[in-house]
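Here is a friendly walk through some aromatic residues and a helix face. Have the structure open as you read.

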Amino acid sequence: MPHASASRELLAPREDVWTFVAEPHHFADWWPGIAGVRPDRRGVAEGARWQVQGSERPTLFRQATATGMLLVRAVEPPELFAWTLTANRIDAELRLEESAPDRTLAALDVEAPWLYGLSRGLPRRALTRLHSLCQTAADL
């Protein structure tokens with residue numbers, strides 16, 4: 001399967017980044033193409049299933065972001081969050097590592113079948129959005 005990766009230093013402590021990422025309703029704030037999330041009662045827990053609503057419409061050259069389910073595959077607070085977007089068969093893994101007391105290195109790996117045309121820029125776009133959200137919080 002095609003694979004894309006990106007990493008970025010976030011301007012916030014790892015615990016703060018984890019607190020943000022571990023809130024299911026924030027997923028749509030930083031993951032491209034998702035407009036909304038309705039998590040099950042377990043939240044961020046292995047085996048949890050969230051309903052996700054796609055935001056992008058199809059065009060001549062781009063498939064629509066699917067509405068469907070996010071399956072949480074692995075959680076190791078405050079270090080690892082791994083999930084599958086079942087409609088697009090996208091597997092993703094976010095790792096958070098403390099790079100300084102007030103900085104976090106975020107690494108995002110994404111895999112998807114050729115059929116779904118995985119954009120190599122997807123992890124970079126997601127981390128750019130996450131960086132902007134963490135920077136906004138750091139400025140307060």
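## An aromatic cluster

Phe27, Trp30, Trp31, Trp50, Phe81 and Trp83 are joined into a cluster by ring pairs. Rings of Phe, Tyr and Trp (its six-membered ring) pair if their centres lie within 6.5 Å; planes under 30 degrees apart count as stacked, over 60 as edge-to-face and the rest as tilted. The model is predicted, so local features need pLDDT of at least 70 and side-chain atom pairs count only at pLDDT 80 or more, while totals for chains, interfaces and linings use all residues. Residues are numbered from 1 along each chain as its sequence is written, and side-chain values use heavy atoms, with hydrogens and water left out.

By the pairing rule there are nine aromatic pairs.

| Pair | Centre to centre | Angle between planes | Geometry |
|---|---|---|---|
| Phe27 and Trp30 | 5.5 Å | 75° | edge-to-face |
| Phe27 and Trp83 | 5.4 Å | 85° | edge-to-face |

The pair of Phe27 in helix H2 and Trp83 in strand S5 (residues 80-85) links distant parts of the chain, 56 residues apart. Helices (H or I, at least four residues) and strands (E, at least two) are DSSP runs, numbered from the N terminus. Phe27 and Trp30, by contrast, sit three residues apart in helix H2 (residues 27-30), so about one helical turn separates them.

Phe27 counts as buried because its relative accessibility is 2%, and Trp83 does so at 0%. Buried means under 20% relative accessible area, exposed over 50%, partly exposed in between (1.4 Å probe, protein chains only). Trp30 is buried as well.

In helix H1 (residues 14-21), the buried residues are Val17, Trp18, Phe20 and Val21. Viewed down the axis of H1, they fall within an arc of 160°, so they line one face of the helix. That arc is taken from the directions from the helix axis to the C-beta atoms.
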